[in-house]
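Here are a few friendly notes to read alongside the model.

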Amino acid sequence: TGLKVLEPGDSKNAGTISRLQDTTKRLDGYKNRVAEVTASLNYQDDIMAQVNELLVRAKEVATQAGNESNGTIRREQLAQEIFQLRDQLINLANAQFEGRYLYGGADDDDPPYDQQTPYVT
């Protein structure tokens with residue numbers, strides 16, 4: 001092959017070669033972990049942007065609902081939109097990344113929020 005050393009045992013510097021190989025493997029592991037964390041953070045950033053949009057819309061709906069000229073039907077429509085926004089927020093709060101719930105704390109196997117009781121379970 002033209003190489004003097006194919007395996008660490010082929011050289012008197014076998015220990016050094018072995019340590020360098022171990023270091024390279026560890027660095028590859030760190031590189032993979034950084035890529036995973038970066039992907040997770042980018043996903044969470046997207047979720048937070050969506051949450052922000054939903055909250056802005058909820059504020060707009062609340063402002064519209066505060067208008068005294070609204071009748072019962074219009075207020076019911078606005079209430080239904082608020083419930084839809086709430087449901088969308090709950091879905092975002094139950095977001096998963098690589099099969100784990102992001103916002104459930106240590107219990108990342110179960111959804112942290114329930115549609116029926118919209119508070120932390």
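1. A salt bridge here is a side-chain nitrogen of Lys or Arg within 4 Å of a carboxyl oxygen of Asp or Glu. This is a predicted model, where local features need pLDDT of at least 70 and side-chain atom pairs count only at pLDDT 80 or more, while totals for chains, interfaces and linings use all residues. Residues are numbered from 1 along each chain as its sequence is written, and side-chain values use heavy atoms, with hydrogens and water left out.

2. The protein chain has two helices and two strands, in the order α-α-β-β. These are DSSP runs numbered from the N terminus (helices: H or I, at least four residues; strands: E, at least two).

3. Of the 121 residues in the protein chain, 16% are buried (under 20% relative accessible area; exposed is over 50%, partly exposed in between; 1.4 Å probe, protein chains only).

4. The structure holds five salt bridges. One of them joins the side chains of Arg57 and Glu60 at 3.1 Å, N to O. Arg57 and Glu60 are three residues apart in helix α1, so about one helical turn separates them. Arg57 is partly exposed at 26% relative accessibility, and Glu60 is partly exposed at 39%. Salt bridges that share partners join Arg57, Glu60 and Glu81 into one network.

5. Arg33 and Glu36 form another salt bridge, at 3.2 Å, N to O. This pair also sits three residues apart in helix α1.

6. Do look at Asp108 too: its side chain meets that of Arg100 in a salt bridge of 3.6 Å, N to O. Asp108 counts as buried, at 19% relative accessibility.
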